[in-house]
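Subject: Structure for your attention

Dear colleague,

Please find below the structure that I am handing over to you. My notes on what was found in it follow directly after.

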Amino acid sequence: MATRRHFLKISAAAGLAPAVVSAQGRARVVVIGGGFGGATAARTLKATQPLLDVTLVEPNPVYTSCPFSNSVLASLREIGQQQFRYDGIKAAGVTVAETSATAVDAEAKTVTLVDGSRLPYDRLVMSPGIDFTWNAIQGYDEAATEKMPHAWKAGAQTVLLRRQLQAMDDGGLVVLSSPANPFRCPPGPYERASLIAYWLKIWKPKSKLLLLDSKDAFSKQRLFQNGWAELYPGMIEWVPLSQGGKVTAVDPATLTLTTEFGSHKAAVANVIPPQKAGAIAVQAGVADRTGWCPVEPVAFESTLRPNIHILGDAAIMGGMPKSAFAANAQAKVCAAAIVKLLAGEKPQDPIVINTCYSLLAADYGISIAGVYRPDGRQLTDIPGAGGASPLEAVGGLRGQEALYASSWFRTITAETFG
Amino acid sequence: MHRALLPGLASMILLAGPATAADAPPGASSCTGCHAPKKVADSVIPRLAGRKAEDIVTFMRDYRSGAWPSSLMGRIAKGFDDQQTEAIAAWFAAQPE
């Protein structure tokens, strides 16, 4: 009791707000991964409960945003406009460890870093994003990405694909391969096809884009297809799974993509490969046999390992898609829940929103939204809410949504990175 | 001796206190993904912090019914009932502008 009284006295003297203080010091939260999920979680945890000791583990000093990176391919933006540093997060009082986590010990509650040192935690947040399943498409391994970029983690790959498009002769065939569900950013391949066509129409108008798909349906499908017919007639050919769209093998040397029905030789090939949760999730034991991480729907705590919360693309979030908006929204819910849990309180059932804008041209935007709540074991769509933009656009709606898309990007990156 | 019984919690001291962001009503934290809490350059999306609660409630009700046209907010508003909307509106009204 002496210890308890002592701490109460110190806390009261310092005029501290609702507090979680352990006898060893402040409660510790470690966050692995500095993307939209992890960076938001770290900032929100510290802002909500300044007494927490929050460490963000992220090896890259600069984050390159995937949202709006398709606009870089179309030369509507430069890669530098996609990049964000962690200075704002450091200034908010988060310790940023510019290194990689190599192991998580869920029993000992420690994160091991590259140099072998260990970070103890009371709660761990993992937002590791995606890794690619190499050779799921035969011949598509890490080396192949130098010839056939995925550009599905933004950065050097985005710049490479843009350069390849710029170097291509007018009349060349651009081939894009899109994976089966689930994967990062469900509307992303179709926004990419749209914006590449936007750029081709201006600079290489004799060129065509072939979109080979491992699915028979996709996000905002009618909106995209109507837009393609309106904006880029005859330029984009979508080949669904049932018509031989699934790419089974590639030859990077000849830029050949083989499907179940034949093969296609590309001038530029963009292969978006099958994906899974980032490798650290597997090491930590929080990924299941699907390759993704099951979580409960209130605090997004792993159903496989206690005290580990998983956010964003790596997690199985019921009806929520893998998007930056979703990761950011989940992170804020998770941060509030962790503050409650550390104070010995029960987190409230959340409502979580997702909104995804896609551009079909610089001034042509569409959106899809959803509102989700816990329904037993997972997050489920609230019936009657959400859905896509109307098929009939009146009053400059597509232009308005393009404007909202760029406003959203500025706002969410400011909220995430400061 | 408590440490042996509750190894994770015994060493922690918990203090109650005023409402924080951890107490925001369900749904409120998602809004700031688009509606910036502080001024963001070149955003056409209005801020919610510091606005009158009744104005937010009226907009949300009219978005939901379609009485007020919207590109996206009608689809979002349909995910919230009156009580949930009022709680979110009151929350944002109390935030510093």
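In which helix of chain A does Asn226(A) lie? The residue belongs to helix H7 of chain A, which covers residues 221-231; helices (H or I, at least four residues) and strands (E, at least two) are DSSP runs, numbered from the N terminus. Asn226(A) counts as partly exposed because its relative accessibility is 39%; buried means under 20% relative accessible area, exposed over 50%, and partly exposed in between (1.4 Å probe, protein chains only).

Two remarks on conventions are needed before the remaining findings. This is a predicted model, in which local features need pLDDT of at least 70 and side-chain atom pairs count only at pLDDT 80 or more, while totals for chains, interfaces and linings use all residues. Residues are numbered from 1 along each chain as its sequence is written, chains are lettered from A and ligands numbered from 1 in the order in which they are written, and side-chain values use heavy atoms, with hydrogens and water left out.

Domains and cores

Chain A is divided into domain 1 (21-131 + 276-346) and domain 2 (137-273), with bounds that come from an automatic or database domain assignment. The C-alpha centres of domain 1 and domain 2 of chain A lie 31 Å apart. Their contact (heavy atoms within 4.5 Å) takes 21 residues from domain 1 of chain A and 22 residues from domain 2 of chain A.

The largest nonpolar core has 135 residues, of which Val104(A), Val111(A), Met126(A) and Trp228(A) touch the most other members. Such a core is a set of buried Ala, Val, Leu, Ile, Met, Phe, Trp, Tyr and Cys residues joined through side-chain atoms within 4.5 Å. Helix H9 of chain A (residues 324-342) gives the most to this core, with 13 residues. Domain 1 and domain 2 of chain A each supply at least three residues to this core. Leaving out residues up to four places away in sequence, Met126(A) touches several residues, among them Ile32(A), Val104(A), Ile280(A), Ile308(A) and Leu311(A). A second, separate core of 15 residues includes Ala144(A), Val175(A), Leu212(A) and Val271(A).

A helix pair

Helix H2 (residues 36-48) and helix H10 (residues 397-417), both of chain A, pack with their axes 7 Å apart and at an angle of about 55°. Axes are lines fitted to C-alpha atoms, for helices over the stretch in contact, and angles run from 0 to 180 degrees between N-to-C directions. H2(A) is therefore oblique to H10(A): angles under 35 degrees count as roughly parallel, over 145 as roughly antiparallel, 65 to 115 as roughly perpendicular and the rest as oblique. On the H2(A) side, Phe36(A), Ala39(A), Thr40(A) and Arg43(A) meet residues of H10(A) that include Ile412(A), Glu415(A) and Phe417(A).

Individual residues in loops

Gly33(A) sits in the loop between strand S3 (28-32) and H2 of chain A. Gly33(A) is buried, with a relative accessible area of 10%. Beyond its neighbours within four places in sequence, Gly33(A) is in contact with residues including Gly38(A), Leu56(A), Glu58(A) and Ser127(A).

The loop between strand S13 (173-178) and helix H6 (188-203) of chain A holds Cys185(A). Phi of Cys185(A) is near 60°, a positive value in a residue other than glycine. Cys185(A) is partly exposed, with a relative accessible area of 31%. Apart from neighbours within four places in sequence, Cys185(A) is in contact with Trp152(A) and Lys322(A). Pro182(A) is also found in the loop between S13 and H6 of chain A, and a cis peptide bond with omega of about -5° joins Asn181(A) and Pro182(A).

Phe68(A) has a phi near 75°, a positive value in a residue other than glycine. Its place is in the loop between strand S5 (62-64) and helix H3 (69-73) of chain A. Phe68(A) counts as buried, at 13% relative accessibility.

Chain B

Chain B has five helices and one strand, in the pattern α-β-α-α-α-α along the sequence. Of its 97 residues, 39% count as buried.

Yours sincerely
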